[in-house]
Amino acid sequence: MNKSPLTSSLPLSSRRNLLRLAACSTVALLAPPAFAASRQPDLRGSIDAVKYKAAPDPGDRKSSSLQKMIDDASAENVPVFLPPGVYKVSNLTLPDNTRITGVPGASRIVYTGDGRLFTAENVKRIELSNIVIDGQNRWLGDDSSALVQFTGVDEVVIDNCEISGSRKHALQLERCGGRIERSRISGAAQSGLYAVESSGLSVTNNEVFDCGNGGILIHRWKKAADDSIVSGNRIYRIGATDGGTGQNGNGINLFRADNVMVSNNHISDCAFTAIRANSASDVQITGNQCRRSGETAIYVEFEFEGAVVANNMIDGAANGISIANFDKGGRLASVTGNVVRNLKLDGPYKPDVSFGIGIAAEADTLVSNNIIEGAPRWGMQLGWGPYMRNLVVTGNVVRKAPVGCAVSVVDGAGTCVITDNVFQDMAEGAVVGFEWDKKISGELADGAGGYAHLTVERNRVS
């Protein structure tokens, strides 16, 4: 084989390096160009202001320069690259095919407080990655609900970003699909993420913390299939600045959103609930870690049909798990394999019954193979007055509670089966009949005590 005169005299290792360099050059020539902010004179001044402590450019030239760059790049379907630096901008509208990327932790977009930061409406795709978005807690206009606000975007991708310091929601998505992943969202006066009328949204592996009224909110205007997945997120220090009895202060809140999966999240120190599903049917709440909830750790309430609450760890709350509101049509659930412990009697408001209850259920529900320890009121609450139907409670372990199982014996209460449970250290009884919150029976652990709607057998008390 003939050799080039240029390479024949070179050692073998040098010839290999030359060939690699040629291959890389070919790839670079073929790759589509990215719009780099440092090539633009107006934005270069803002970068130099950080590097060399020079005075920033006057006026709003940087916003207009970045807007033009975004428009040009999206028209050519190529990304905008932001080198490390601070970009003080506001009032940016993102067109279809916007892709903005930077250097993680070093490319900072800082809101100047002129009404809004990022908006997009009725486009197919928007992508933000590897950038920091800082709202600086500056005023947002009356027509802006969030620092980053997208409406009618088919595919939103926010990856490895930081969003902080919003006077309202940090991120609001309305009628959007896509994925929010590997991002840090913090310091919002309202919620970290407010997603309404979503279409198959995935919210995965994010960190959401120090928000005033909510962590991740998956809502709908009308009850319907939402199909969102909320998984692998770390959520903590969520307040309830605007008060209420549960609409605020939740780590993850589903409202009228059906077919949603909430799994493997780590949620702690929420003013109210770690995971709250209000009027949300066919939901799965599985494998979550819920610590130090101010009210009920996991709440499934109001007009729902179908819920699986399984294999969650709850440590520290006013109540553990509540499957409630048969009076409003709430029914049909499976509560299995959960660990509930270290509950307390006090909460953020005065409840109808009491705090300090491990698991509560009302209608068409299986409560099986759970472990409850340290419930200062009741280990389990079965029904409330006449609101009880088709409960099966079996294979549970309940320790250290005044009453292991408080079951409704009010006229009109429906069928309840309580079998094969283990009760230990029950101060006032393992299975006891109640009319509302009034105890009216003795120990029923070995039999139904004449209550025709109850089947109670094979329970062990020690």
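Mentor: Start at Asn278, whose bridge partner in strand E26 is Glu301. Strand E26 spans residues 296-301, and E23 pairs with it in the parallel sense over four bridges. Two strands count as paired if DSSP finds at least two bridges between them. Strands (E, at least two residues) and helices (H or I, at least four) are DSSP runs, numbered from the N terminus.

E23 has another partner. Strand E20 (residues 250-258) pairs with E23 in the parallel sense, again over four bridges. There, Leu254 has Ala277 as its bridge partner in E23.

A word on the source. This is a predicted model, where local features need pLDDT of at least 70, side-chain atom pairs count only at pLDDT 80 or more, and totals for chains, interfaces and linings use all residues. Residues are numbered from 1 along each chain as its sequence is written, and side-chain values use heavy atoms, with hydrogens and water left out.

Now look at the two faces of E23. In a regular strand, side chains alternate between the two faces of the sheet. Strand E23 (residues 275-278) has Ile275 and Ala277 on one side, with Arg276 and Asn278 on the other. These four residues are all buried, and both faces are covered. Buried means under 20% relative accessible area, exposed means over 50%, and partly exposed lies in between (1.4 Å probe, protein chains only).

Asp226 sits in the loop between strand E17 (214-225) and strand E18 (229-231). Is Asp226 buried or exposed? Asp226 is buried, because its relative accessible area is 1%. Its side chain reaches the backbone nitrogen of Ser198 at 3.4 Å. That is a polar contact: a pair of N or O atoms within 3.5 Å; within protein, one must be able to donate a hydrogen and the other to accept it, and residues adjacent in sequence count only if both atoms are side-chain atoms. Leaving out residues up to four places away in sequence, Asp226 touches several others, including Glu197, Gly200, His219, Arg220 and Asp258. Contact here means heavy atoms within 4.5 Å.

Thr98 is in strand E5 (residues 98-102). At 1% relative accessibility, Thr98 is buried too. The side chain of Thr98 reaches the backbone oxygen of Pro95 at 2.6 Å. Asp71 is 27 residues from Thr98 in sequence, yet their C-alpha atoms are 7.8 Å apart. Neighbours within four places aside, Thr98 is in contact with Ile70, Ser74, Arg125, Ile126 and Glu127.

Rings come next. Rings of Phe, Tyr and Trp (its six-membered ring) pair if their centres lie within 6.5 Å; planes under 30 degrees apart are stacked, over 60 edge-to-face, and the rest tilted. The rule gives five aromatic pairs. Phe209 and Tyr236 have ring centres 5.0 Å apart and planes at 5°, so they are stacked. Phe209 belongs to strand E16 (residues 207-211) and Tyr236 to strand E19 (residues 234-238), so the pair ties together parts 27 residues apart in sequence. Phe209 and Tyr236 are both buried. Elsewhere, ring pairs link Phe272, Tyr349 and Phe355 into a cluster.

Now the nonpolar cores. A nonpolar core is a set of buried Ala, Val, Leu, Ile, Met, Phe, Trp, Tyr and Cys residues joined through side-chain atoms within 4.5 Å. The largest has 104 residues, and Phe118, Phe150, Met380 and Leu382 have the most contacts inside it. Strand E9 (residues 146-159) gives the largest share of this core, six residues.

In E40, Val432 has Glu443 as its bridge partner. E39 and strand E40 (residues 438-443) run antiparallel, joined by three bridges. Their hairpin has two residues between the strands, and Trp436 takes a positive phi near 55°. Strand E37 (residues 397-408) pairs with strand E39 (residues 422-435) in the parallel sense over nine bridges. Val397 is opposite Val422 there.

Finally, step back. The protein has four helices and 42 strands. Of its 462 residues, 53% are buried. Among contacts between residues at least 6 apart in sequence, 61% join residues at least 24 apart.
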